[in-house]
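Hi there,

Here is the structure I promised to pass on to you.

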Amino acid sequence: MINLINIDKSYKVGNEKITIFSQYNLMIKDGEKVLISGPSGSGKSTLLNIMSTIDTCDSGDIIFGDINISKCSKKMTSDLRLNNFGFIFQSYHLIKTLNVHDNILLPIIAAGKEIDNNYIDELINKLGISERLNHFPYQLSGGEQQRVAIARAMVNKPNIIFADEPTGNLDRNNSKYVMEALIDLCESQGTTLIMVTHDLSLSSYFDRVVSIDKEKEA
Amino acid sequence: MKKKSVKFKHLLFKSFCRADKMLIVLIIASFLCSLLISGIWSINSASKIKRLQDARLLFGEYQVMVSDIDKSLAENILKTEKEVKISSLYTQRILQDEKGFSNIIYAQEDFFNLSQMNLKAGTFPKAQNEILVDDLYAFKKGEDAKELIGSKIDFNEKEYIVTGVINNTDFNIAYINTHTFVLNYAANVGSLDNKENISFFLSINSADISNFINKLSNSYKIDSNFISYNNSAYDYAGINTKGQPNGIEGIFYRVIVIVLGFLSIFLIYTLCILFIKKLKPTTSICVALGIDFKKIYKSYVTFIMFFIFLSFILSLIISTLLSALLFNLNYAQVITQNVFSIIIIAVVFSIVGLLLILNIMTNKINKVEQNLKNPVGIKNNRVKSAINKRYKSLYLSLSKQNIAVEKGRAALYTLIIVISSVLFSVSIYSVQIFRDSSQKVQGFDYLLEFKFNNVAEMLDGLKEHEELYKNIKNDIGTNKYSLFFEEKRAGLNKSNITKEHRNYLEKLSTEMSASLNNPNTDIVNIPVVFMSLDNNTIKRISEKAEGINISQNECVVVKNTIDAMGSSFEIGLNAGDQILITIPLDESEIEEIEIDDTQIAGEGFVQPKLPETTKTQSLKVVDTIDYLDINLQQIKNLPLVIVSKDIFDKICTNNKYPSMILFDNDTENPDYLEKYFSGKSGIQLINLVEENKVSEEYFDKIDFSLMAIMFILIIFLTLIMSITIVLRYDESKAQYAVMRAIGIRSSNVMKIFIYEALYLSIISALITVPLSILGTYIIYKSFISQSVFFIYKIPVFLIAMPIVCFIIVSIISYLPVILKMQKQSIAEVIKNE
């Protein structure tokens, strides 16, 4: 469970202060699939970044399990991300100097965990990238890169997957493929999925849709 | 309404100027680089011009000597020729009597401005009965130079009052027991015959010396053999007639300016690349809008070059203005002297431009290459190997993987680091070589100079003072006497003299003190200084800690000769070579011949063959010493040969100034020795520290400049490395941000980065060391070609020195990246990349 309590977040552009969130609250249960939507500039990605600890809020608490993330040190948040969170970005962000195999294994090696070969094989087969393991990111299509990114996000069996418009750069077919693979993996692992998108046609995959503008207004 | 047309370039220029603060950094860096180059050169040139101006006041443009013309013609030239600024008439007579030769100079008062002689004490004679004597004459009279002034002497059947003492001149070397006397030309002109040959010096303030010389030959019918000239003013100022610095100083400044030029290229170029990277978003948008990538890139290069050019011009103006103001010179003069730095700056400008244009082309090529890459060909699966090693070297593996995949970029960074660190290392090595050579001529204790007429007298003197020496030893403890020296010519006889060796000796012959009398035979003559040293002394002033035993037919050669200004040359003799020396025969060995006195003045007299008074002896070079840890102005920078005491005594039969070194490290109380020897007749105590003061000041100055330049080089290297590392980080920051996003700690991400940089640094260092040694050798050789010699020796510890500096510089260079990494928001980087 991840619980956001009275979150404040604002940016400064020149002398002007732009408030993104003020006293914002949100609770997401374990295994829940939540879609965060809203118009551009509403703060969807910022919210995702705050929840996933790659950005910070000005004030408020973020509770993950029994840990108050907003009070954690950088080292602790790093460890949290490595062991409990998975990330999927719109622009895939694979390590360009590593091949597919190495990209997928990177988090597990960094965490110093034993590699579960059966699990990895299953992951690769489900995502349809078993033929691409020796290829480098620039040799893959967008859909393939995103599937590799999903494999990388799932490799450590995280509690939560944070996905920031993972289908934003993909065509309809690829979007469908990626979404189905992602939902399938999350459901089989019981992983919480928090995804940001403005494509409401994807809402059918999710348990709940959080509209950020409405929430803010509320 | 009239439409105002806006060109794409104008819009791009606006966007370019507002793009990033990197532009300001680039402009400042370009400005500082060129200011450094032109500043160093301007100050150097301006100081030379100033010195030349001063020298011209003293010497005129050229110093001309016309000898052996009659008095009326000489006076006529002086009256007619307006270019003659300072002039000095003099004539010279040589008198001989039973005591020896007397050299009488009738000179004008300005004689000493132009002659090599100096007035040591007193004043120039004004009246007919006033005279100057030389210091040797004063010494023989047993009086101090100052005490002799005012006294009366009988000379040339007349009585004269001594008004002053001159230094012992070159004339005394040519004639045994010869003394020089100077009389007033104007006061004695009546007694000179009008037909008497007169020599005179002229200082010509002429821009065209050849015309003036032609005039002397053609209009005044003076034999060209009797006209000689030199450019003393230029020599004094240390520049050639084109106004460029001469000798070691000139080379030194040129090398520094060239090194700075190279470093500037790398610094400015890397900054340019960094800046262009910052313009990537604008470029991408423009490309997306359908504008040709090349067109945009070319515009950027044009804009960048425009700003760099502006900063270059501004720095040139500032350096010219400052140096002109500093030395109170005309601006035009400084500008003309600044040509060299302008050329270097133009080269920097052109190369930076060329590299940027090349970058446009390689950018395209890279893209094509990238598409053609075969995925199967990439075998570097570092992570797998990391797994096998139980993850211990994950981050090292990742860094290696980065290098392996991006070979081209890694090679470029390595190249930048290698070139800048080679320049840096070469500078350190060269500076150390210079310092190593110069340290050998630092002040050294005391010199005792014995004013005896010959060795026999000296040896008697030594006996007489035996008690004194014992006392010295007892009283002062560390003192030791044992060095005698005398300049003599030796024939170097080598049966297998190589072409290179002959060329080398010929070079020494024309450019250094040595002379190669007969280059077509296997025997050459080189003036050397013979020394006799006891073993204790050898231990103290050479590397031969065990000392050397030299038998009668042997000698030891000191290979390197170091002059007072720190440069050195090698005599080219090795162990096993033979030296031929000439030693006088004993009186009993000289064959007596009979001459018929009645025929001497008569016609048909044939000069009989004179008996040999010398014989040749061969000495084998049994050992060599690199250099003696001592420098004496008295031995005139000649090569040193150490012989046995017996041979030394024979060689130096007519030695007039035997000397010895008195070691005294008790610098706390230098007056003690001077008091100790005051009043001891026949002994002159010379404080070598005082004697070498000028050299030391010169070295201090050079040393300070070198250190300052080293400091600048270190800053340059740090900047270049810093920029290179920042550039590397900037390229990979998205990747590092992703790593951090998936939970890898920033310290571990930093590890990847540092390992990668260290890996490249180690490779660079391995390439740098041999290249630097080679580079230093090339510089050393170029110095030799300019007749500036140093001892080429790079000790092992010195090789490690640039590497240590390099590591320190690397650590400092990481700081901006560490700070940047700490500050950078992961979310921001991922969003923007």
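In chain A, strand E4 (residues 59–64) and E5(A) pair in the antiparallel sense, with two bridges between them. One residue pair to look up there is A:Phe64, whose bridge partner in E5(A) is A:Ile67. Please keep in mind that this is a predicted model.

Those two strands belong to an open sheet of four, which runs in the order E2-E1-E4-E5 in chain A with antiparallel pairing. Strand E2 (16–28) and strand E5 (67–68) of chain A are at its edges with a single partner strand each, so each has one side without a neighbour in the sheet. Helix H1 (residues 44–51) of chain A lies across strand E1 (2–13), E2 and E4 of that chain, and its direction makes an angle of about 125 degrees with E1(A).

Chain A also holds an open sheet of five strands, this one with parallel pairing and the order E6-E7-E8-E3-E9. Here the edge positions go to strand E6 (85–88) and strand E9 (208–211) of chain A; each has a single partner strand, so one side of each is left without a neighbour in the sheet. Ignoring direction, neighbouring strands of this sheet are turned against each other by 15 degrees on average. Within it, strand E7 (residues 160–164) and strand E8 (residues 192–196) of chain A are joined in the parallel sense over five bridges.

Is helix H3 (residues 100–111) of chain A mostly covered or mostly open? It is mostly covered, with 11 of its 12 residues buried. Among the buried residues of H3(A) are A:His101, A:Asp102 and A:Asn103, along with A:Ile104, A:Leu105 and A:Leu106. Just after H3(A), A:Gly112 has a positive phi of about 75 degrees.

Taken as a whole, chain A has seven helices and nine strands. Of its 218 residues, 48% are buried. Among the contacts in chain A with a separation of 6 or more, 75% link residues 24 or more positions apart.

Now to the partner. Chain B has 30 helices and 21 strands, and 36% of its 833 residues count as buried. For contacts in chain B with a separation of 6 or more, the share between residues 24 or more positions apart is 82%.

The predictor gives the complex an ipTM of 0.78 and a pTM of 0.55. The average pLDDT of chain B is 69, and 57% of its residues score at least 70. Confidence in chain B is lowest in helix H7 (residues 171–174), with a mean of 41, and highest in strand E5 (residues 130–134) of chain B, at 88. Over residues 475–482 of chain B the pLDDT stays under 50, and the model has 23 contacts for them beyond four places in sequence. Residues 511–519 of chain B are also below 50, and that stretch has 25 contacts in the model beyond near neighbours in sequence.

Conventions: Residues numbered from 1 in each chain as written. Chains lettered and ligands numbered in written order. Predicted model: local features only at pLDDT ≥ 70, side-chain atom pairs only at ≥ 80, totals over all residues. Pairing = 2+ DSSP bridges. Contact = placed C-beta atoms within 7 Å. Axes fitted to C-alpha atoms, helices over the stretch in contact; angles between N-to-C directions. Buried ≥ 20, exposed ≤ 12 C-beta atoms within 10 Å, placed from the backbone. pLDDT = per-residue confidence, 0-100.
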